[in-house]
Protein chains: 2
Amino acid sequence: MARAGITADRLARAAAEVADELGFDHVTGSAVARRLGVKEPSLYAHIRNARELKVRVALLALQEMADQTAAAIAGRAGKDALTALAGVYRDYARTHPGRYAASRHELDPETAADSAGPRHAEMLRALLRGYDLPEPCQTDAVRFLGGAIHGYVSLEAAGSFSHTPRDTDASWAWALDTLDLALRARSANPD
Amino acid sequence: MARAGITADRLARAAAEVADELGFDHVTGSAVARRLGVKEPSLYAHIRNARELKVRVALLALQEMADQTAAAIAGRAGKDALTALAGVYRDYARTHPGRYAASRHELDPETAADSAGPRHAEMLRALLRGYDLPEPCQTDAVRFLGGAIHGYVSLEAAGSFSHTPRDTDASWAWALDTLDLALRARSANPD
DNA sequence: TAGTCAGCCTAATATAATTAGGCAAAACAT
DNA sequence: ATGTTTTGCCTAATTATATTAGGCTGACTA
């Protein structure tokens, strides 16, 4: 019988497509096998268990977002960089909702450490250098900024904003202005 | 045979306990039935399908959080109110991780409209009156604030902060200070 | 060219979701 | 109190997913 040529990579990619089209929790062994035209048990030569499928989508999403972010902030600083970085997350969540959901999937510590997760934190930290905040609160600012961006994007993706007529692009611009304002105020006025 | 006395309410409560103990995606018909000491098919007299179980947990969580928030912000204003409101979310996420996850579960529009979701938005709006922002951007501020709080709490709950030694309570205080600062700056300096 | 191995298969089992239909307890009418 | 209806839970059976065991064959390797 002709071989399908499954690799861990093609598998992750197929799973990511399922996630984007049907939702992250429809990433199941059978859905992925169907899409690849193989029988379900064949997957188990490449993955340990069905959970690993979701983990692979998460890793893929984290990496794609990190790559795009790196490209977006290269050569930018200050509010420009902030807008670019945050825009990547928002665009990614809108074009790849399933992968974005996957990127929030909880990973065990070793897997997380090997993922692109730390790169995200580093890039936030780099971005914040433009606001020169005093040492001790830089981590606070990374957490704050990461949370604010993720929170906005995830509420928007979940449809939590669609009950109010206000244009979400305008709200997004306002949010970025406010974040920039806050960070600048903070560096002028540290505690 | 002695009747177990299942009601939609006891069912939601049992499902919420499962969520907090095992995680929101372990909220399954069989887990809940086991916990209630009944056979799985018996549930289907009270719920339409297994998805509805999760929806009920979501509704319960939204309501509990809204009630606690209302109590917390009563008689407070400004930063005091902000601290109280945000504290409720954070505490809830830490004491009831499964329910908190459930509260982010996507609901169809009618269900969402009947949920405590709108109360959350109203309370945020009320809180923001203390910062008297000009009309057009009040919705922006609700979205920004909601996102920032949810984002921080959800990243913390997902363990995204545990790779860095910095105390998360300190970061939390810094985030609240920054939000307060930002909102005050915004009202002084609107666009 | 024979041998090993990898990659996919079929078969079989367990758990979750769901429907159909039975039986007894509770509620209700007389 | 008794007969009837309703309701709440059960058993049995079906379908989908997750997983293990073991077989066949096409593809590299000596």
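A:Glu156 is found in helix α8 (residues 138-157) of chain A, where helices (H or I, at least four residues) and strands (E, at least two) are DSSP runs, numbered from the N terminus. With a relative accessible area of 15%, A:Glu156 is buried; here buried stands for under 20% relative accessible area, exposed for over 50%, and partly exposed for values in between (1.4 Å probe, protein chains only). A:Glu156 and A:Arg90 are 66 residues apart in sequence, yet their C-alpha atoms lie 9.0 Å apart in space.

The model is predicted, so local features need pLDDT of at least 70 and side-chain atom pairs count only at pLDDT 80 or more, while totals for chains, interfaces and linings use all residues. Residues are numbered from 1 along each chain as its sequence is written, chains are lettered from A and ligands numbered from 1 in the order in which they are written, and side-chain values use heavy atoms, with hydrogens and water left out.

Chain A as a whole comes next. Chain A holds 9 helices and 0 strands, and along the sequence the pattern reads α-α-α-α-α-α-α-α-α. The C-alpha trace of chain A spans about 70 × 40 × 25 Å along its principal axes, and 49% of the 191 residues of chain A count as buried. A further buried position in chain A is A:Leu179, at 3% relative accessibility, which sits in helix α9 (residues 168-188). Between A:Leu179 and A:Cys137 there are 42 residues of sequence separation and 16 Å in space, C-alpha to C-alpha.

In an unreviewed UniProt entry, "domain: HTH tetR-type" covers residues 5-65 of chain A; UniProt positions are given in the numbering used here, feature names are shortened, and annotations may be inferred rather than shown by experiment. Over residues 5-65, chain A is 64% helix and 0% strand, with its end C-alpha atoms 27 Å apart. The UniProt annotation "DNA-binding region", also from an unreviewed entry, covers residues 28-47 of chain A. Over residues 28-47, chain A is 40% helix and 0% strand, and the end C-alpha atoms are 12 Å apart.

The buried residues of α7(B) are B:His120, B:Met123, B:Leu124, B:Leu127 and B:Leu128. Seen down the axis of α7(B), these buried residues fall within an arc of 140°, so they line one face of the helix, the arc being that of the directions from the helix axis to the C-beta atoms. On the other side of α7(B), B:Glu122 and B:Arg129 are exposed.

B:Gly98, in helix α5 (residues 97-103), is buried, with a relative accessible area of 4%. B:Ala70, in helix α3 (residues 50-73), is partly exposed, with a relative accessible area of 29%. The C-alpha atoms of B:Ala70 and B:Leu133, 63 residues apart in sequence, are 22 Å apart in space.

Finally, there is the largest pocket, which holds about 2,100 Å³ of space. On a 1 Å grid over the protein atoms alone, a cavity is a set of points where a 1.4 Å probe fits but cannot get out, and a pocket is an open set with protein on both sides within 12 Å along at least five of seven lines; lining residues have an atom within 4 Å of a point. Grid points are joined across faces, edges and corners, and a volume is the space filled by probe spheres set on the points. The largest pocket is lined by 50 residues, of which A:Ala101, A:Arg104, B:Phe24, B:Asp25 and B:Ala101 lie nearest its centre. Helix α8 (residues 138-157) of chain B gives the most to this lining, with 6 residues. The lining divides into 24 nonpolar, 12 polar and 14 charged residues, where Ala, Val, Leu, Ile, Met, Phe, Trp, Tyr, Cys and Pro count as nonpolar, Asp, Glu, Lys and Arg as charged, and the others, Gly among them, as polar.
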